[in-house]
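Please read these notes with the model open beside you. They take up the points one at a time.

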Amino acid sequence: MLFLLLPLLAVLPGGENADGFKEPVSFRVIQISSFYNHSWKRNLGSGWLGDLQTHTWDSNSSTIIFLWPWSRGNFSSEEWMDLDTLFRLYFIRFSEAVHRHTGDLIFEYPFEIQVTAGCEVYSGKLSGSFFRVAHQGSDFMSFQNNSCLPSPLAGNAAKRVCKVHQHQRNKDLIHHLFSDTCPRLLLGLLDAGKAHLQRQVKPEAWLSLGPSPGPGRLLLVCHVSGFYPKPVWVRWMRGEQEQPGTKQGDILPNADGTWYLQATLEVAAGEAADLSCRVKHSSLEGQDIVLYWEHHNSVGLIILAVIVPLLLLIVCLALWFRKCCSFNAKYMCFKSTYPW
């Protein structure tokens, strides 16, 4: 049954060159199949170059959607039409196979199957491949060196699937998909999208005060956003000394393909004055961003000093206008009663 997952690796384009990319980079295809009952299911598919999504599968039109101008790689329109057909047939057969074997695998509706498969390239050469299957978010089975490895936690169901795999034919095709198709695809995307992938976008940074962690304590927050590529270094500092209490959150994607991160530090209220947040990123070319907490407070006080008088002025004008309108209303009423 799960042998049908392997055509996923052939759905995307190939290429030959990846000059300029020195770090290991991976391409993976992700499938999420939700089975609500014997007749109702949903299949989602996507392709990812590292952390960047490059393709998605439109289940309504049964077509591959290219998320970037370079996501087509070096394939012709005819080749992509063939791959649309491949994906369409794959999802049909996969769903049929799962429904057919649900009882044998002791899967109870509703359930979900997640698959991630792909390869990693380093210095233009294949450095590894991976194929993992999960059921309800837990490891179910994986492939290593063309051998099926059931997860110890998956029980007999995974063992039965692996036993079926051992009798599958066309193992040369499986090897070809991992050792040839996937690396060519990955290198082709790197080559076609080189200008986009190697761009440098400088981060913006600002400070704020988080929710109070307790009496006499402050939670300092350093926000860093809009940077690309993803690797970034953010720390709270006291002079040149890193603060060990710095907590760095997950690096999250922005809608424009850049990244966002925040780093927090909890301190006593009287110990925040000489702290700063330092940001290092390749786009800054060694010119780190350094934000000082006392400057943040000073700016806040200045804003407060401007806003408070402005609000008082607005209130006074409102009261004066209300009083003036009330006086005019009374005058017009008096004039209408005594026209002389």
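**Notes on the model**

1. C222 is buried, because its relative accessible area is 0%; buried means under 20% relative accessible area, exposed over 50%, and partly exposed in between, with a 1.4 Å probe and protein chains only. C277 also counts as buried, at 1% relative accessibility. A disulfide joins C222 to C277, with an S to S distance of 2.0 Å; a disulfide is a pair of cysteine sulfur atoms within 2.5 Å. The torsion about the S-S bond of C222 and C277 is about -80°, so this disulfide is left-handed. The pair links distant parts of the chain, 55 residues apart: C222 is in strand 10 (residues 217-227) and C277 in strand 16 (residues 275-280). Helices (H or I, at least four residues) and strands (E, at least two) are DSSP runs, numbered from the N terminus.

2. On the source: this is a predicted model, in which local features need pLDDT of at least 70 and side-chain atom pairs count only at pLDDT 80 or more, while totals for chains, interfaces and linings use all residues. Residues are numbered from 1 along each chain as its sequence is written, and side-chain values use heavy atoms, with hydrogens and water left out.

3. How many disulfides does a search of the whole structure find? The search finds 3. With the bonded cysteines numbered in sequence order, the pairing is 1-4, 2-3, 5-6.

4. C119 and C182 form a disulfide with their sulfur atoms 2.1 Å apart. The link is left-handed, with -95° about the S-S bond. C119 sits in strand 5 and C182 in helix 3 (residues 171-192), and the pair links distant parts of the chain, 63 residues apart. Both C119 and C182 are buried.

5. The disulfide of C148 and C162 has its sulfur atoms 1.9 Å apart. Its torsion about the S-S bond is about -60°, so the disulfide of C148 and C162 is left-handed. C148 lies in strand 8 and C162 in helix 2 (residues 155-166), so the pair ties together parts that are 14 residues apart in sequence. C148 and C162 are both buried.

6. In what order do the strands of the open sheet stand? The sheet has 8 strands in the order 4-3-2-1-5-6-7-8, with antiparallel pairing; two strands pair if DSSP finds at least two bridges between them. Strand 4 (63-66) and strand 8 (147-150) are at the edges, each with a single partner strand, so one side of each has no neighbour in the sheet. From one strand to the next, the twist averages 20°; axes are lines fitted to C-alpha atoms, for helices over the stretch in contact, and angles run from 0 to 180 degrees between N-to-C directions.

7. Strand 2 (residues 41-49) and strand 3 (residues 52-58) are paired in the antiparallel sense over 4 bridges. The bridge partner of G47 in strand 3 is H55. Helix 1 (residues 77-105) packs on the sheet, touching strand 1 (25-35), strand 2, strand 3, strand 4 and strand 5 (111-122), and its direction makes about 50° with that of strand 1.

8. Helix 1 has 29 residues and reaches 40 Å from its first C-alpha to its last, close to the 42 Å expected at 1.5 Å a residue; the expected span is 1.5 Å times one less than the number of residues. A kink of about 35° in helix 1 is centred on H99; the bend at a residue is the angle between axes fitted to the seven residues ending there and the seven starting there. Just after helix 1, I106 takes a positive phi of about 60°.

9. Strand 6 (residues 125-135) and strand 7 (residues 138-144) run antiparallel and are joined by 4 bridges. In the hairpin of strand 6 and strand 7, with 2 residues between the strands, Q136 has a positive phi near 55°. Strand 7 is also joined to strand 8 by 4 bridges, again antiparallel. Their hairpin has 2 residues between the strands, and N145 in the turn takes a positive phi of about 55°. F143 has C148 as its bridge partner in strand 8.

10. Leaving out residues up to four places away in sequence, F111 touches S33, S34, F35, V98, T102, H135 and Q136; contact means heavy atoms within 4.5 Å. F111 and Y36 are 75 residues apart in sequence and 6.6 Å apart in space, C-alpha to C-alpha.
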